Amino acid sequence: MKNYKWVLLLLLACVPFRSARSQVHSELATPPNGDNERAEISQWIGLVKVTISYHSPNVHGGGGADRTDHIWGEIVGYGFSDQGFGPSQFAPWRVGANETTTITLSHDVKVEAKDLKAGTYGLFLEVEKSGPWTWIFSKAAKGWGSYQYDPKDDVLRVDVNPVEVPYTEFMTFGFDERRPASSVAYLQWEKKRVPFKIEVPNINQLYVDQMREDLLSWPGFNYQNWQTAALFCADNNVNLEEALVWADKAIHGPFRGATVGVESFSTVSTKASVLDATGRSSEADAAMDKALDLPGTEMIYVHSYGVRLLRASRADRALKIFLLNQQRHPEEKFWTYFGLARAYTALGDKPNAIKNWEIVVANVPENRKFMLPQIQATLKKLKESR
């Protein structure tokens, strides 16, 4: 019985220590150590998810004392230091409080132009009085702060320059400059912001890989999804040979005997776009000639194709397309003549350009009146340059 009582007392003595650790590693749901609340922020860069998990201290910590201007170099010491606890005698800042701050990457990325594999890493920071600060990504992602930090676990170190910012009470992570293939993660606390740029150099290939996988399941039964995937490849000049297969499936049927494709101006012009991206201009033109003759091809579709030709500096073919559009739709007095006016202008045929611009000016519809000043300016400039 005596031994039993000693064991019970020992267990009870351990309870306060356990409950004080944090709400993450406690056996019971208790407040986090030091009331430094747990926080988590995620940012998507295309298909890549980046998540930073941390505990957030505040400037007025330690019983509410004002520690403004005492964070950097004092509360957070410069360089590596012996924190007087745990096995490490050479540790950087834990970047927060309590458990090790972590960053999780769903895919391989570049951090400050250096490669970093997908995974979860402990995130530490070496703070300096002058010169750059150093972000440290460690494979030791489980731990309590940096008390067990070991440089042999470092996977990546990147140097960055901290910047002065408006006062921030609570230590906060965030993301800024969110672009299609990159974002800048940052730590902000007191009057400092410490950034690091994350890039996904193969972002379009990741989309292609995901589309390929998606098309093997339910989305693949819809011809429009095959068309969308093919057009994405054409627009981004990626995976073009497979994109031709996808474009054909949109036209002829993605799953034989299950679903049907649709041969329309839209699907055939998508195939033409892929062909054009591969450099097969004559085949692309032939596909577009076929698309133009398909039933249901609307006037505005033909006009849009002519505009694309003008943007590609193919004014001769654009003129043929606009003439065809006007012949097929003699009742239309704005878009068809608008196309002809632009083509003749691009070709330097001022008399025909002026004649067609004058027809356009006289037939601007109400919902296009906002275009009138620019159209009139173009016409005036042509007349003055004769």
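**Figure 1. Helix α9 and its length.** Helices (H or I, at least four residues) and strands (E, at least two) are DSSP runs, numbered from the N terminus. Just after α9, glycine 348 takes a positive phi of about 80°.

This is a predicted model, in which local features need pLDDT of at least 70 and side-chain atom pairs count only at pLDDT 80 or more, while totals for chains, interfaces and linings use all residues. Residues are numbered from 1 along each chain as its sequence is written, and side-chain values use heavy atoms, leaving out hydrogens and water.

**Figure 2. The buried side of the story for α9.** Look for Trp335, Tyr337, Phe338 and Leu340, which are among the buried residues of this helix. Buried means under 20% relative accessible area, exposed over 50%, and partly exposed in between (1.4 Å probe, protein chains only). The buried residues of α9 pack against α7 (299–311), α8 (315–328) and α10 (350–362).

**Figure 3. Two nonpolar cores.** A nonpolar core is a set of buried Ala, Val, Leu, Ile, Met, Phe, Trp, Tyr and Cys residues joined through side-chain atoms within 4.5 Å. The largest has 56 residues, and Trp246, Tyr305, Phe322, Phe334, Trp357, Val360 and Ile375 touch the most other members. Helix α9 gives the most to this core, with seven residues. A second, separate core of 38 residues includes Val109, Leu187, Ile203 and Leu206.

**Figure 4. Around tyrosine 305.** Leaving aside neighbours within four places in sequence, tyrosine 305 is in contact with Phe265, Asp285, Met288, Leu292, Arg317 and Ile321. Contact means heavy atoms within 4.5 Å.

**Figure 5. A six-stranded open sheet.** Follow the order β1-β2-β3-β6-β7-β8, with antiparallel pairing. Strands β1 (38–45) and β8 (154–160) stand at the edges with a single partner strand each, so one side of each is left without a neighbour in the sheet. Two strands pair if DSSP finds at least two bridges between them.

**Figure 6. Pairings within the sheet.** Eight bridges join β1 to the antiparallel strand β2 (residues 48–55), and alanine 39 stands opposite tyrosine 54 in β2. These two strands form a hairpin with two residues between them, and glycine 46 in the turn has a positive phi of about 65°. Four bridges join β3 (residues 102–105) to the antiparallel β6 (residues 119–126), where isoleucine 103 has tyrosine 121 as its bridge partner.
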